[in-house]
Amino acid sequence: MAHTAMSGTGTTAGDDPLQTAVWRLRSRACWADAAALIQPRTAGPALQRASLLVERCLYTEQGWAEAEDALRTAEALAQSDDERGAAACERGQLAYAATLLGVRDRADEARAALGRAAALLAPGAPGRALLDFRRGLLAENLAHAPQAARAAYRRAHAGATDRNDALLLSFTWRHLAGIALREGELAEARHGFAESLRIREELGYLVGTAPALASLADAETEPEASRLRAEAGRLFRLLGGVPLWLADQLSPPAATA
């Protein structure tokens, strides 16, 4: 699946050349090019293609129709509960992104889709950790329930650790650190943000490195904070201003009297 970063998905030596090419394009914000390499003849490739195009929507606020088409294909090809659950998880993420970015309020659809995924995916299923993470996103950003979000992120973190899913761990570290920062736990926040950044740099996940740098900057003092934010800005510009939502975070803070 495109959301993972485990052996076999293009992030380690000896992986399938197709997956290596997909990963390199994805990590450089070339989601459409990565998706074009995948032939969605069966459920697995169709789900991977859909997840790439859903991620593009979240990072660029574009490509909604293509993501919907890819999702419908994945849903039609899904045969097992795991495949149907993974497709529902992607639909929930697309609806979440549309709601978060103000494209259209699809919060109810997001909750329903992730609830359907939870009913289909067994506790030890490959996609369960990602589902837990995405339920955390809904709790944090749509329901504004940080305690529920923290519990979901911790479940996702444990699942990602068990499955050696490095990329997902970079997300759980970052979001747990974000909650810690808002609660004033600076040491915990710095540790989590630093771990997220370390993993993303090791994986070569360029499109996620700028957000990780900016998040760590928020937990640091000067002059380190400015150095990190400047490096994030450099990468942000290098990738053509992606992710779009990072622009506000990189803006210099307003002067205070």
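Modeller: A residue counts as buried when its relative accessible area is under 20%, as exposed when that area is over 50%, and as partly exposed in between. The model discussed here is predicted.

Biologist: How many of the 17 residues of α9 are buried?

Modeller: Helix α9 covers residues 166-182, and its end C-alpha atoms are 25 Å apart, which agrees with the 24 Å that its 17 residues should span at 1.5 Å a residue. With the cut-off of under 20% for a buried residue, α9 is mostly covered, and the number of its residues that are buried is 14.

Biologist: Which element gives the most to the lining of the largest pocket?

Modeller: The largest pocket has a volume of about 830 Å³, and of the 34 residues that line this pocket, the closest to its centre are L137, F171, R174, H175 and W245. The elements that give two or more residues to the lining are α3 (43-60), α5 (81-100), α7, α9, α10 (186-203) and α11 (206-219). The element that gives the most, with eight residues, is α9.

Biologist: Are the planes of F133 and Y153 stacked, edge-to-face or tilted?

Modeller: A search of the whole structure finds six aromatic pairs. In the pair of F133 and Y153 the ring centres are 5.6 Å apart and the planes stand at 35°; an angle under 30 degrees would count as stacked and one over 60 as edge-to-face. The angle lies between those two limits, so the pair is tilted.

Biologist: Which residue lies over the face of F171?

Modeller: At 4.3 Å from the ring centre of F171, the residue that lies over its face is R200.

Biologist: How far apart in space are G136 and T172, C-alpha to C-alpha?

Modeller: G136 has its place in helix α7, where this glycine is buried, with a relative accessible area of 0%. G136 and T172 are 36 residues apart in sequence, and from C-alpha to C-alpha their distance in space is 9.5 Å.

Biologist: Is C30 buried, exposed or partly exposed?

Modeller: C30 lies in the loop between α1 (17-27) and α2 (31-36), and its C-alpha atom is separated by 13 Å from that of R49, 19 residues apart along the chain. Its relative accessible area is 26%, which falls between the limits of 20% and 50%, so C30 counts as partly exposed.

Biologist: Which residue does a cis peptide bond join to E222?

Modeller: Two cis peptide bonds can be described here, and one of them runs from V242 to P243, with omega near -5°, P243 being found in the loop between α12 and α13 (246-250). The other has an omega of about 5° and involves a proline in the loop between α11 and α12 (224-238). The residue joined to E222 is P223.

Biologist: What is the phi of H144, a residue other than glycine?

Modeller: H144 lies in the loop between α7 and α8, and with a relative accessible area of 60% this histidine is exposed. N164, in the loop between α8 and α9, also has a positive phi, of about 55°, although it is not a glycine. For H144, the positive phi is near 55°.

Methods: Residues are numbered from 1 along each chain as its sequence is written. This is a predicted model: local features need pLDDT of at least 70, side-chain atom pairs count only at pLDDT 80 or more; totals for chains, interfaces and linings use all residues. Side-chain values use heavy atoms; hydrogens and water are left out. Rings of Phe, Tyr and Trp (its six-membered ring) pair if their centres lie within 6.5 Å; planes under 30 degrees apart count as stacked, over 60 as edge-to-face and the rest as tilted. A charge sits over a ring if NZ of Lys or CZ of Arg is within 6 Å of the ring centre and within 35 degrees of the ring normal. On a 1 Å grid over the protein atoms alone, a cavity is a set of points where a 1.4 Å probe fits but cannot get out, and a pocket is an open set with protein on both sides within 12 Å along at least five of seven lines; lining residues have an atom within 4 Å of a point. Grid points are joined across faces, edges and corners, and a volume is the space filled by probe spheres set on the points. Helices (H or I, at least four residues) and strands (E, at least two) are DSSP runs, numbered from the N terminus. Buried means under 20% relative accessible area, exposed over 50%, partly exposed in between (1.4 Å probe, protein chains only). The expected span of a helix is 1.5 Å times one less than its number of residues.
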